[in-house]
Amino acid sequence: MKLAFGIAGLLLVLGGANHTVWRHEQTLAQGQVMYLKLAPVDPRSIMQGDYMALNFALGARFPQDAPHHGRAVVKLDERRVAGFVRVHRGESLAPGESLLEYRLRKGRPRIVTDAWFFQEGHADRYQRASFGELRVRGDGHALLVGMADDGLKRLGQGRY
């Protein structure tokens, strides 16, 4: 009986992990491309190696009463750069609006992640970074897939 429960538990964990990987792969393959303007921050950590700490300019427009976890409504311009419209409170979206999931950390919205890690010695490739490139599902879940310069040209290498 213990063996049966052990096998069932293992299958449940592996099934959950595979489902998460599959969802992320679907987001990367089918999510809409969206760019977020970066706000400057310090790009190095001695303990973690080379990385760029991220702060998105979009966060400066969030209201003080925003829920701890939720979705922002954004509108993309002609270059696909997202601009904050409002915090989503369940209302229908207007044409051209999209959702972007966030979590508040220290009073500021954290969108996707707060760090972009890269290979040691490649910091010079990312010094011109002005935008984070995201792939976003319809429900607002996003994955950070790259950094881009002012012209939205991908910096460094990446497959997406």
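L3, I7 and L11 form a nonpolar patch on the surface, with about 330 Å² of accessible area together. Such patches join nonpolar side chains (Val, Leu, Ile, Met, Phe, Trp, Tyr) within 5 Å, from residues with over 30% relative accessible area and no salt bridge. A salt bridge is a side-chain nitrogen of Lys or Arg within 4 Å of a carboxyl oxygen of Asp or Glu. Areas follow the Shrake-Rupley method with a 1.4 Å probe, and for residues only the protein chains shown count as cover. The model is predicted: local features need pLDDT of at least 70, side-chain atom pairs pLDDT 80 or more, while totals for chains, interfaces and linings use all residues. Residues are numbered from 1 along each chain, and side-chain values use heavy atoms, without hydrogens and water.

I7 lies in helix 1 (residues 2-30). Helices (H or I, at least four residues) and strands (E, at least two) are DSSP runs numbered from the N terminus. I7 is partly exposed, because its relative accessibility is 44%; buried means under 20%, exposed over 50%, and partly exposed in between.

Five strands make an open sheet in the order 4-1-10-11-12, with antiparallel pairing. Strand 4 (55-56) and strand 12 (154-155) are at the edges with a single partner strand each, so one side of each has no neighbour in the sheet. Pairing requires at least two DSSP bridges. Strand 11 (residues 142-148) pairs with strand 12 over two bridges. M147 has L155 in strand 12 as its bridge partner.

L144 also belongs to strand 11. Its relative accessibility is 16%, so L144 counts as buried. Its contacts (heavy atoms within 4.5 Å) include L54, V112, W116 and G132, leaving aside residues up to four places away in sequence. The C-alpha atoms of L144 and G132 are 6.8 Å apart, across twelve residues of chain.

Conventions:
Patch = residues over 30% accessible without salt bridge, like charges linked within 9 Å, V, L, I, M, F, W, Y side chains within 5 Å. Buried < 20%, exposed > 50% of the residue type's maximum accessible area, 1.4 Å probe, protein only.
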